[in-house]
Amino acid sequence: MTNSVNTRELVLDLLLDINVNGSFSHISVGNTLKKYQYLEKMERSFITRVTEGTIENLILIDYIIGQYSTVKVNKMKPVIRNILRMTVYQFLYMDSVPNAAAVNEAVKLTVKRGFRQLKGFVNGVLRNIDRNFDNISYPNASNDLVTHLSVMYSVPKWIVEQWIYQYGTEEASRMIKASIEDKDKNRITVRTNTLKATDEEAIDMLLKEGVTVERTPYGTGLYIRNFDYISRIKAFREGYISVQDISSMMVARIAAPREGDYCIDICAAPGGKSLHMCELMNDKGFVEARDLTKRKIELIKENIDRHGAKNIEAKISDALEYDNSSREKADVVIADLPCSGLGVIGKKSDIKYNMTPEKQNTLVKIQRDILKNALKYVKKGGYIIFSTCTTNKSENIDNFNWIKESFDYEPVDIEGFLPEELKKDTAKNGYIQMLQGIDGTDGFFVGKLKRIV
């Protein structure tokens, strides 16, 4: 590594931005990589891996530090706390970095940041952990399963307890482990833009650019690896592919818009579902892609321009404000609701530390307020499809049942829209809950109901 102190300092700045300032990790890391894209690929990989890995394993790392520090982790100065964290992460997961070298770099960084008086503390804690690394005592699953899962997989206890209560011990354990274990960090999932190419044509383009391509087992989507930035792939820049998880692709598939349909996507940014709808209609219909802010609408417009769809419009609109001009106007309404995001904590680790049960309860009220409006936009005989990227039943099946019981809507059998690998008994009843670690996708809910009056 040509500039190891510099890259470690960037990691520290990222951790402070995320842990102290509350910035979203994927945005903070993305902005830093864009700013320093001139660095060698190995250096950028180091920055990404140490930052994201430290956030991902925060509870485990703090547990280890807590056993060998006379000062409680939450009482430390933020700079010191995060220097210790990023170094312990390297102890745990980066064999290519000798522990002694990682300690030396941590001490140098402590001094460089103006904490010379604490270099002995940092050195002492880290060397003590290093010496006793093979003898660290971890919570025992037999004695306390919740604490064991929480510490070993860095998932807050309340989430562990919620998942065990809602899904049972076996499924919850698989979901928790998957948030760290069942990931290919070098792989992303993309969807072919069928308005421009077939899968075969997109694959050929990607292979010519040196990208490794693999078909997913779900009959839709491609896994790609071995590329630098997605924006440097010609097939992406020219709109032949879009980044989207398999679970998210199910929304438009389940919506199944027909040519000529009028569709409203009320929480559309960054526009992947809206554009997928255009593809399924062969761009012979209309999609109104709405979202709350100018920034989000600009993002949707960028993706529309890249994608090349014609019969789509991005529009600033607050989903919580009723739009009387849209009353009974849509054949299909998609409501991808703001949610607790517990289905994607494997990709966005900071979510699990920022969410609380109280915030979940607040979100349920917001979701229902949005749905009350969205339900009014559907024509008689039209459909509403609502989705979330969470696993919390209060935000998912409870909302589905609330619509069914409180409004003139009936569930629609969605089994025929699903690939064999994702078919579940509930599909006949109008919804599917995908679970990370079990379905090979993000944790994601999709429900479909038809307006009957």
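Student: At roughly what angle do the axes of helix α4 and helix α7 cross?

Tutor: In this predicted model, the axes of helix α4 (residues 58–68) and helix α7 (residues 119–131) cross at roughly 105 degrees and come within 9 Å. Angles from 65 to 115 degrees count as roughly perpendicular, so α4 is roughly perpendicular to α7.

Student: Which residues of α4 and α7 make the contact?

Tutor: Helix α4 contributes Ile64, Ile65 and Tyr68, while α7 contributes Val125, Asn128 and Ile129. Sorted by class, this contact of α4 with α7 holds 5 nonpolar residues, 1 polar residue and no charged residues.

Student: How many disulfides does the count come to?

Tutor: A disulfide requires a pair of cysteine sulfur atoms within 2.5 Å. By this rule, the count is 0 disulfides.

Student: Are Cys267 and Cys339 buried or exposed?

Tutor: Buried means under 20% relative accessible area. Cys267 has 15% relative accessibility and therefore counts as buried. Cys339, with a relative accessible area of 17%, is buried.

Student: Where is Ser25 found, and with what is Ser25 in contact?

Tutor: Ser25 lies in helix α2 (residues 25–35). The relative accessible area of Ser25 is 8%, so Ser25 is buried. Apart from neighbours within four places in sequence, Ser25 is in contact with Ile18 and Asp350.

Notes: Residues numbered from 1 in each chain as written. Predicted model: local features only at pLDDT ≥ 70, side-chain atom pairs only at ≥ 80, totals over all residues. Heavy atoms only, no water. Buried < 20%, exposed > 50% of the residue type's maximum accessible area, 1.4 Å probe, protein only. Helix = DSSP H or I, 4+ residues; strand = E, 2+ residues; numbered from the N terminus. Contact = heavy atoms within 4.5 Å. Axes fitted to C-alpha atoms, helices over the stretch in contact; angles between N-to-C directions. Parallel < 35°, antiparallel > 145°, perpendicular 65-115°, else oblique. Nonpolar A, V, L, I, M, F, W, Y, C, P; charged D, E, K, R; others polar.
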